[in-house]
Amino acid sequence: MLPMVALVGRPNVGKSTLFNALTRSRDALVANQPGVTRDRQFGICRLLDNPFLVVDTGGLSDDPEGLAGLTSQQSMQAMQEAAVIAIVVDARDGVLSYDHQVVADARRCNRPMLLLVNKTDGLDADQAMADFSVLGVQPAFAVAASHQRGLGPVLEELAARL
Ligand code: GDP
Ligand code: MG
């Protein structure tokens, strides 16, 4: 069984784009419409010496009254099964309350976490990183999934954690 990295975060932050970049596939559905990934999607990342599983998740709960709060059951399950939780946020939108909720839900899973501040292309990445430091998730990385930018340091970190 390969170790698993869970990509979680609110809809439209770029989780599926990241999944595709890591697994070099077009398996995950990428769309402009929030919430388009309904089910968990698994792929294998072979960019390190040791391959690992990546799971892409939808994000928003159909059942906001459920145990998991706003984070969907499938995202919760993915986080619980993961060796490392990668929380994805959108540098263009800044910090939203749902990001805090995802972090809170992820913390409850007691796994190593990392923060991927996505869509930093064309932005002041340092400013974005400073903004997202309020989430208190370390280490944090500035990335641009759709430009395959910033993924090297993320992979190095995963190599050390998995
Ligand atoms: P998900 O809902 O979190 O899975 O998000 P998607 O991967 O479907 O991406 C949502 C939108 O953000 C799509 O239009 C992507 O092309 C766009 N996107 C993803 N990554 C980046 C990025 O690094 N930079 C920019 N500018 N757009 C991105
Ligand atoms: Mg998606």
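**Stop 1: strands β5 and β6**

Select β5, residues 113-118, together with β6. Three bridges join these two strands, which run parallel. This is a predicted model, so keep that in mind at every stop. Now pick Leu116. Which residue of β6 stands opposite Leu116? Phe141 does. Next, show the contacts of Leu116 beyond its neighbours within four places in sequence. They are Leu18, Ala86, Ile87, Val88, Phe141, Val143 and Val154.

**Stop 2: the whole sheet**

Color all the strands. The open sheet has six of them, in the order β2-β3-β1-β4-β5-β6, and the pairing is mixed. Which strands stand at the edges? They are β2 (41-45) and β6 (140-142). Each has a single partner strand, so one side of each is left without a neighbour in the sheet. Turn the view to look along the sheet. Ignoring direction, neighbouring strands are turned by 25 degrees against each other on average.

Strands in a sheet pair through backbone hydrogen bonds, either parallel or antiparallel.

**Stop 3: strand β1**

Select β1. Four of its five residues are buried, so β1 is largely enclosed by the rest of the structure. Look to one partner, β3. β1 and β3 pair in the parallel sense, over four bridges. Ala6 stands opposite Val55 in β3. Then look to β4. Four bridges join β1 to β4, and these strands run parallel. Here Val8 has Ile87 of β4 as its bridge partner.

**Stop 4: the nonpolar core**

Show the largest nonpolar core. How many residues does it have? It has 40. Select the ones with the most contacts inside it: Ala6, Val8, Ile87, Leu116 and Val117. Strand β4, residues 84-90, gives the largest share of this core, with five residues.

In soluble globular proteins, nonpolar side chains tend to be buried together.

**Stop 5: helix α1**

Select residues 15-23. Is this helix enclosed or open? The buried residues are Lys15, Ser16, Thr17, Leu18, Phe19, Asn20, Ala21, Leu22 and Thr23. Show what they pack against: β1, β2, β3, β4, β5 and α5 (151-161). Step on to Arg24, which follows α1. Its phi is positive, near 50 degrees.

**Stop 6**

Select α2, residues 73-81. This helix lies across β1 (4-8), β3 (52-56) and β4. It runs at about 150 degrees to β1.

Move to α3, residues 97-108. This helix has twelve residues. From first C-alpha to last it reaches 17 Å, close to the 16 Å expected at 1.5 Å a residue. Which residues of α3 are buried? They are Asp99, Val102, Val103, Asp105 and Ala106. Look down the axis of α3. The buried residues fall within an arc of 165 degrees, so they line one face of the helix.

An α-helix has 3.6 residues a turn, so residues three or four places apart point the same way.

What covers the buried residues of α3? The cover includes β1, α2, β4 and β5. After α3 comes Asn110, with a positive phi near 55 degrees.

**Stop 7**

Most residues other than glycine have a negative phi, and most peptide bonds are trans.

Select Asn12, in the loop between β1 and α1. Asn12 is not a glycine, yet its phi is positive, about 80 degrees. It counts as partly exposed because it has 18 C-beta neighbours inside 10 Å.

Now select Gln148, in the loop between β6 and α5. Gln148 also is not a glycine, and its phi is positive, near 55 degrees. With 15 C-beta neighbours inside 10 Å, Gln148 counts as partly exposed. Draw a line from Asn12 to Gln148, C-alpha to C-alpha. They are 136 residues apart in sequence and 17 Å apart in space.

Finally, find Pro139 in the loop between α4 (125-132) and β6. The peptide bond from Gln138 to Pro139 is cis, with omega near -5 degrees.

Zoom out. The protein chain has five helices and six strands. From the N terminus on, they run β-α-β-β-α-β-α-β-α-β-α. Of the 162 residues, 41% are buried. Count the contacts with a separation of 6 or more: 64% of them join residues 24 or more positions apart.

How values were computed
Residues are numbered from 1 along each chain as its sequence is written. Chains are lettered from A and ligands numbered from 1 in the order in which they are written. This is a predicted model: local features need pLDDT of at least 70, side-chain atom pairs count only at pLDDT 80 or more; totals for chains, interfaces and linings use all residues. A nonpolar core is a set of buried Ala, Val, Leu, Ile, Met, Phe, Trp, Tyr and Cys residues joined through C-beta atoms within 7 Å. A residue is buried if 20 or more other C-beta atoms lie within 10 Å of its own, exposed if 12 or fewer, and partly exposed in between; C-beta atoms are placed from the backbone. Two residues are in contact if their C-beta atoms, placed from the backbone, lie within 7 Å. Two strands pair if DSSP finds at least two bridges between them. Axes are lines fitted to C-alpha atoms, for helices over the stretch in contact, and angles run from 0 to 180 degrees between N-to-C directions. The expected span of a helix is 1.5 Å times one less than its number of residues. The arc is that of the directions from the helix axis to the C-beta atoms.
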